Amino acid sequence: MVKRRYGEVPGLDFRLRTYTPTKEHAVAWILLMGAIVLEVLGTTCMKLTAGFSRLWPTVGMVVAYAGSFGLMTLTLKSLHVSTAYAVWSGVGTALIAVIGMTALGEPFGWPKVAGISLIIGGVVMLNLGGAH
């Protein structure tokens, strides 16, 4: 294991502003995708708890959110917090909006589709705004 300073991101040289992908960085992106899936699962379970009156959806929500935050913590060891959080929250928001419209009976509307598109566009712009 390579010893790094606190906050140093593998493969990123701030002097040259270059990026070299590393195995650790690839694993962080996989962990981030897992955190997103668990966050969406937790939010879906939250809807199904009916105000915390149903036990198993409540348990599922707590477990999914704990797992999501755990994976997000591991992700932040290798990714910048701005990038990781933008992707986590943006993709999670877009996915839960789609799930709400397709599976939970929420009304479909073009303003919602436009909003989802803007969220995704914002995440892309944040990621293009600097070195990963």
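Thr83 touches Trp29 and Asn127 when residues up to four places away in sequence are not counted, a contact meaning heavy atoms within 4.5 Å. Thr83 lies in helix α3, helices being DSSP runs of H or I with at least four residues, numbered from the N terminus. With a relative accessible area of 7%, Thr83 is buried; buried means under 20%, exposed over 50% and partly exposed in between, for a 1.4 Å probe and protein chains only.

The model is predicted, so that local features need pLDDT of at least 70 and side-chain atom pairs count only at pLDDT 80 or more, while totals for chains, interfaces and linings use all residues. Residues are numbered from 1 along each chain as its sequence is written, and side-chain values use heavy atoms, with hydrogens and water left out.

**Packing of α1 and α3**

Helix α1 (residues 23-48) packs with helix α3 (residues 81-102) at an angle of about 40°, and their axes are 9 Å apart, where axes are lines fitted to C-alpha atoms over the stretch in contact and angles run from 0 to 180 degrees between N-to-C directions. The two helices are therefore oblique to each other, a class left over once angles under 35 degrees count as roughly parallel, over 145 as roughly antiparallel and 65 to 115 as roughly perpendicular. From α1, the residues that meet α3 include Trp29, Met33, Ile36 and Val40, and their counterparts in α3 include Thr83, Val87, Trp88 and Leu95. The residues of this contact divide into 13 nonpolar, 4 polar and 1 charged; Ala, Val, Leu, Ile, Met, Phe, Trp, Tyr, Cys and Pro count as nonpolar, Asp, Glu, Lys and Arg as charged, and the others, Gly among them, as polar.

**Aromatic pairs**

The structure holds 4 aromatic pairs, which are rings of Phe, Tyr and Trp (its six-membered ring) with centres within 6.5 Å, counted as stacked if the planes are under 30 degrees apart, edge-to-face if over 60 and tilted otherwise.

Tyr85 and Trp88 are separated by about one helical turn, because they stand 3 residues apart in helix α3. Tyr85 counts as partly exposed at 46% relative accessibility, whereas Trp88 is buried, with a relative accessible area of 9%. Ring pairs also link Tyr85 and Trp88 with Tyr65 and Phe69 into a cluster. Phe108 and Trp110, by contrast, are both exposed.
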